Amino acid sequence: MLAAALLATCTPLAEAPDWAREVRPILATHCLRCHGADPETREADLRLDDATALWASGVLDRDDPMSSLLLERIEPGHGDPMPPVEASDPLEQSEIDTLRAWVAAGAGIDDHWSFKSPVAPAPPMLESLGNWPKQPLDVFVAGGLERAGLRPSDPASPARLLRRASLDLRGLPPSPEELDRFLADPSPRAYEDAVDRLLASSHYGEHWAGRWLDLARYADTNGYEQDGTRTIWPWRDWVIRAFNEDLPFNDFTIRQLAGDLLPDATDEDVLATAFHRNTMTNSEGGTRDEEFRVAAVVDRVNTTYEAWMGVTMACAQCHAHKYDPISQEDYYASYALLNQTQDADRPDDNPRLDWQTPEQGRHARTLAEALREKTQEILEQAPRTDSLVSIAWIDEGLPPGATPQGEDVPDARWPWRGEADTPPVKPHSGRRASVSEAKADSFAQHFFEDAAATIRMQADSRLVAHVRIDPERPPKMIMLQVHAPTGGWEHRAYWGQNHGTWGVDQTPARLPQGELPPAGSWVRLEIPAKAIDLPAGTIVDGIALSQFGGPEGGRVWWDAVGFERVDASDHDWQRDRSAWEEALGTVNGRGLLPEAKEALQVAAEQRSQQQDQLLELEWRHQIGALGDAGDEYTSARDALVAARMQTVSTPVMRALPEDQRRTTKVLVRGAWNDPADEVRPGIPSALNPRGLPAPTDRLAFARWIASPDNPLTARVRVNRLWESLFGRGIVLTSEDFGTQGELPGNQALLDHLAVRFIELGWSQKALLREILTSATYRQDSAVDPKLLERDPNNELLARGARFRLDAETIRDQALAIGGLLDPTLHGPPVFPAQPEGTWQVVYNGGSWTESPAGDRHRRGLYTFWRRTAPYPSMITFDAPSREFCVSRRIRTNTPLQALVVLNDPVYLEAAGGLAGLMLAASDEDEQRITAGFRRATGRDATTRERSTLRALLANARSRFATEPDQARIFLDSCRMPESDDPSELAAWIVMGNVLLNLDEVLVKS
Amino acid sequence: MNPRVPDQLASMNEVTRRQFLSRIGAGIGGMALASMLGENGLALDETPHHPPRAKRVIYLHMAGSPPHHDLLDPKPKLAEWDGKACPEHLLDPERFAFIKGHPTVLPSPYAFTRQGESGIELSELLPHLGSVADKLCVVRSVHTDQFNHAPAQLFLYTGSPRLGRPSMGSWATWGLGSENQNLPGYVVLVSGGKVPSAGKSVWGSGFLPSVHQGVQCRSTGDPILYVGDPAGLPRELRRESLDALSRLNEMQCERMGDPETLARVAQYELAFRMQMSVPEATELAEESPATLEAYGANPGGSSFANNCLLARRLVERGVRFVQLFDWGWDTHGTGPHDDIMTQLPLKCRETDRPVAALIADLEQRGLLEDTLVVWSGEFGRTAMNEKRNGSTFLGRDHHPHCFSLFMAGGGVKGGHVHGETCEFGAEIVRDPVGIHDLQATIMHLLGFNHEKFTYPFQGRDFRLTDVHGSVVPGLLA
């Protein structure tokens, strides 16, 4: 490799060939398959890549190295040659020479570079480029340039630089206004300030989250044949927030791998662990859950090592790593660390977290605040309470402590209805009644069985209820059931036909009361308590209002349900707030708003006025004593309770309880059903000889990965950041820092960045700021043929980066240029335009229903990601299907990509948007062209460019002028509304289409 | 129009080519570019290991898996067991997807007759296929280890039952490129109304560059996504737009000196040509009435017959790998829509004639010699009647231990039967062919040693056949 050879001169060229750069690659190609780290396939007990083993093997002669057996066997013409002809291509003469020189110099073997922790490298002494650096990292780049005899390029123009920085930091181009402001900023720190603004943009998090999603194999479906929808976008939003808040990368790591195990883990910490719930689950009939659970854990091992440490573990699943010092036991030791979670390829993706998104949380807080502000006002309107008389239990509210349950109880809210509802209900008494709705021939009921204010039966107590049956939808049966802590629910009375199975008919457990009452008006029902086995002294704490639907279903209203002739003191809570508080105190305020619960805990004399008022409100709410303001309070309160219950259920990691932990065994050749020896959890000793501290669990593993002592994590992360900015990592193989990966082009630069990253507290924003404000980054990306020949891939960084944007950015940028982009952050995935028929799926199909404007113009990050039918244009631009961790998207350049940007309706719509903006910019063609070009490229068009575009415009106008009908059809293709002058608009859309397809627009330069 | 390469950029050509080829690999992009730059060879190091017998493949997949007992593997002994509980050994240690309890044996209701000079026995459901019997290499001893559709299909095409590996067609185009720079190298055609169970992953390129994924050619709308200009845009104006675009991009290239810009210019030109060549290739109405009749094809419609004819047109134009999926072969017998008395004859009527016509047509055009045709499902079916929930319709459950397929052309024996199953058609008794063996053999016919045809990913050299498989010499002509 050119750069490697150039930069290897960090250490002066000596006689001894470099083990890592020169010797090891030869051995890896020809020898290590049989004489490497894997004992299973090792021949002749000879291992060549370990100094101790090599010297012990006897193939080297200490006294006369040049007569060593090792050299003898590789000489051409040896009767029993190495490598054997059937095993490998023969060694080249130059390779033999290298091996001879290596043996002559003592056959030294170094540890692999990346398995040793980075130390801050000494900066090279610069000669001619001493004034060039703006950041410490530039010194290391300049050192490489001086050694290669190259000079850095001039800085890019400010306009180009802003576009580059904007695309790099937030995946969107600068708006024309941002560009104007930047170019007009006279400050010498204008660029630094612009970088800070971009880092502070909330789109920064979206852009960088996108890259992380590839590593995390994030998708909105769960994979395999069914590939059903999986709600895991709350985790995607967590990643966006983490980047935006610049959560230090070590914390970012620990939370995703083991957030659930942190002391005092918050819901947010647990949500972060969904990282590893992006594994696929198979819910096809007849599949073996354990097989796919094992596949998921294997994927977690591979993904963890690749994403954080650039170590490829996959091969050690079946046998010792052929090249890196990782044994199969090492593999399963890591596997054991990740093998103790509850998830097990279940169709429901359990365990899950009911997560309240920050948006939902904010909504609930707004409602609570609104309610608080109204408290005083409502109470001032409320009537005096000493006039209240009631015997009912269920009337305007439920008794204290009662928890509503049943089919009719959505979100744990009792189904009250009053005259303000649609349709309005005229209650029997007070302001509201409860409603019950049954489906045809089905039971429906609502009930409670945990009232804190219980009732004691007297000898002549009567169960009383008022009922009104809807004549449109009469049920076949209605039933009242009473709950006693001693006898349960075995106290029932029913009217109409006998349906259901509870209790024995014709007994107090199921006592018939004759025909259904007449429909259409309130009817009083009355049963002696004794008749349903509630003799004097029985304590009652619950009641159920039930019905069985008729052929059309059933609708029944209930009101004023309770007992007569009971001890009046049982109803003190309806007249006396302190009795109410006392009753509720026994059940910790069950059913109250959390704020009221809190107030209840405080001694009455120590409560704030606010707390006192809130309890008063809640009491009055329960007994229906809020007067005219009652409905307002009830609806505000209901909305708040509902908002607080709004959550999204998302799969997360949860550790198995101690007594259910799995035993981990080596799986022979990786086969899930062929276990061998048991292994203990741990990490490969080659990466950390000290091992993990106890307890050796997932959290210890995560902390080790995120520790400054880990030789790889910081290097791998800074390399990924570098790759994103410069198009290729300092280590090209960002997925593999092992011995089979490429060596770093400039290890001093990489190590400097890694050490610096840790010094900066693992702050990615801080490191990105240093890189973006470096002289290296600011260089112009123009290249002359000489430099191109010398360094075609820009490994030496004598110029700025220039490469095609990724799939999401190309799309987002087109929408932004066309003025269509909806900048909304977070939330469920969206369904932008997609051709008919591309979403055929066999099972669990659903359909691709296009999102309305707005959502369909959200950033590509939010596009619904189905693994078995990914969004076509993303895939065409090399996005992976997200089945496995992908470190690096290979950038291809194909005609199918041209067809997307030319013809995909999303891009046509963007071209239409751009056309509209050009037309609105001026009345003059020339200014319109200038504005459009600037919007698309971030710079002013040259005279030649403008004349080419003018000529195109003329052509387009003349084509459409003769065919206005075609113009109209074309506008329709671009989803443009009607226009007064369709030919003119169509011509400008053609112009917009060309601008969006410019090479300069599709690349970052 | 060819893009004009500015003089001062001529010196970039050497670097340019190297950079393009390393970045693009083979396939439409790489091949096209190679030719633009006067390069004739393949873009990859992975040139064939030996001279290929097959230059292209048409894979006909009957998704859901046809019953071998009723089509390709006659088992007259089953008649003696008609309706009787099957012998114990067929149940132990079997797992079934749907069969419960002790099932009864289901003999085939269809007669078999010897066909052609070779006398291969074929079902009466495949009368047309008999006319090309002497071209067929019927394999009765294929086995898999997956008994659900999606994993079995993935296993068949990618060598692994799980998602994420490249499909056979991707391997082929990665290794060989395409012979036609104006068409994708790997085309997928779907009939029967649904994509296969495993979705588009069965033609995914996995870790190979995405340019090698199968391109689905659709029967409605654009044959290839976005290949058609938007309605209302005059074709001449598209040409003028691309001319303007090329000029602007060349100015950009002069200023920035990035050879990738020239590659992009070339790709846009290629796209423009594809816009013409794709509709041309997919225009079945150009075929003679006799040909349409022979296939039973119906221009403008959507059918397996149309896809067979389309496959011939595509390979004729140099497409490397054409993959057909036909839905509706999962004959469990839960109703007339999936039984072997109504549904199976229906599927056979839809496919028998076009498959026979395809083989005869390729032969007549001199293409069969170096075009490999494969017909298969993803696994076999049971000798027993499934009788799910007491169904009175006849059908068979999934069976991974043996199934039948046939191949033709492309270096395989004609008029040949390979392998044998037991008298119940449940176990292989001679010459088993595993899925990886089948893949190794297909790769062999394409000129590759499957063990050396590898791609590095996640630290491993991956290959289509994982770590298994051997070429089956008995299949080779």
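1. The note opens with a sheet of chain A in this predicted model. Six strands, in the order E3-E6-E14-E9-E10-E11, form an open sheet of chain A, and their pairing is mixed. In general, the strands of a sheet pair through backbone hydrogen bonds, in either a parallel or an antiparallel manner.

2. How do E3(A) and strand E6 of chain A pair? The sense is antiparallel, and the pairing of E3(A) with strand E6 (residues 443-448) runs over 2 bridges. A:Gln405 has A:Phe447 as its bridge partner in E6(A).

3. The average pLDDT of chain A is 88, and 95% of the residues score at least 70. Over residues 1-14 of chain A, however, the pLDDT is below 50, and this stretch has 16 contacts in the model beyond near neighbours in sequence. Where pLDDT is low, predicted coordinates should not be read in detail.

4. Chain A is divided into five parts: domain 1 (17-107), domain 2 (248-282 + 289-308 + 327-354 + 654-706), domain 3 (357-382 + 592-646), domain 4 (392-570) and domain 5 (905-1004). Taken over C-alpha atoms, the centres of domain 1 and domain 3 of chain A are separated by 80 Å.

5. The next point concerns the contact between the chains. Chain A contributes 81 residues and chain B contributes 67 residues. Among the elements giving two or more residues to the side of chain A that touches chain B are helix H15 (289-309), helix H30 (895-903) and helix H33 (943-962) of chain A. Which element gives the most to this side? H33(A) does, with 8 residues. By type, the residues on the side of chain A that touches chain B comprise 34 nonpolar, 25 polar and 22 charged.

6. The largest nonpolar core has 319 residues, and those with the most contacts inside it are A:Met991, A:Leu996, B:Ala311, B:Val322, B:Val373 and B:Phe406. Domain 2 (248-282 + 289-308 + 327-354 + 654-706) and domain 5 (905-1004) of chain A both give residues to this core, so it lies between them. Not counting residues up to four places away in sequence, A:Leu996 touches A:Ala814, A:Ile817, A:Val901, A:Tyr907, A:Ala910, A:Ala911, A:Leu914, A:Ala936 and A:Val1001. Another core, of 63 residues, lies apart from the largest one and includes A:Val435, A:Phe443, A:Phe448 and A:Met479.

7. The bond from A:Met82 to A:Pro83 is cis, with omega near -10°; A:Pro83 is in the loop between helix H5 (69-74) and helix H6 (93-104) of chain A. The bond from A:Asn350 to A:Pro351 is also cis, with omega near -5°. A:Pro351 is located in the loop between helix H16 (328-337) and strand E1 (352-355) of chain A.

8. Positive phi values also deserve attention. A:Asp264 is a residue other than glycine, yet its phi is positive, near 55°. A:Asp264 belongs to the loop between helix H13 (249-258) and helix H14 (267-272) of chain A. Is A:Asp264 buried or exposed? A:Asp264 is exposed, because 5 other C-beta atoms lie within 10 Å and 12 or fewer count as exposed.

9. In chain B, phi of B:Asp466 is near 55°, again a positive value in a residue other than glycine. B:Asp466 is in the segment after strand E17 (460-463) of chain B. B:Asp466 counts as partly exposed, with 17 C-beta neighbours inside 10 Å.

Note on methods
Residues are numbered from 1 along each chain as its sequence is written. Chains are lettered from A and ligands numbered from 1 in the order in which they are written. This is a predicted model: local features need pLDDT of at least 70, side-chain atom pairs count only at pLDDT 80 or more; totals for chains, interfaces and linings use all residues. pLDDT is the predictor's confidence in each residue, from 0 to 100. Two residues are in contact if their C-beta atoms, placed from the backbone, lie within 7 Å. Helices (H or I, at least four residues) and strands (E, at least two) are DSSP runs, numbered from the N terminus. Ala, Val, Leu, Ile, Met, Phe, Trp, Tyr, Cys and Pro count as nonpolar, Asp, Glu, Lys and Arg as charged, and the others, Gly among them, as polar. Domain bounds come from an automatic or database domain assignment. A nonpolar core is a set of buried Ala, Val, Leu, Ile, Met, Phe, Trp, Tyr and Cys residues joined through C-beta atoms within 7 Å. A residue is buried if 20 or more other C-beta atoms lie within 10 Å of its own, exposed if 12 or fewer, and partly exposed in between; C-beta atoms are placed from the backbone. Two strands pair if DSSP finds at least two bridges between them.
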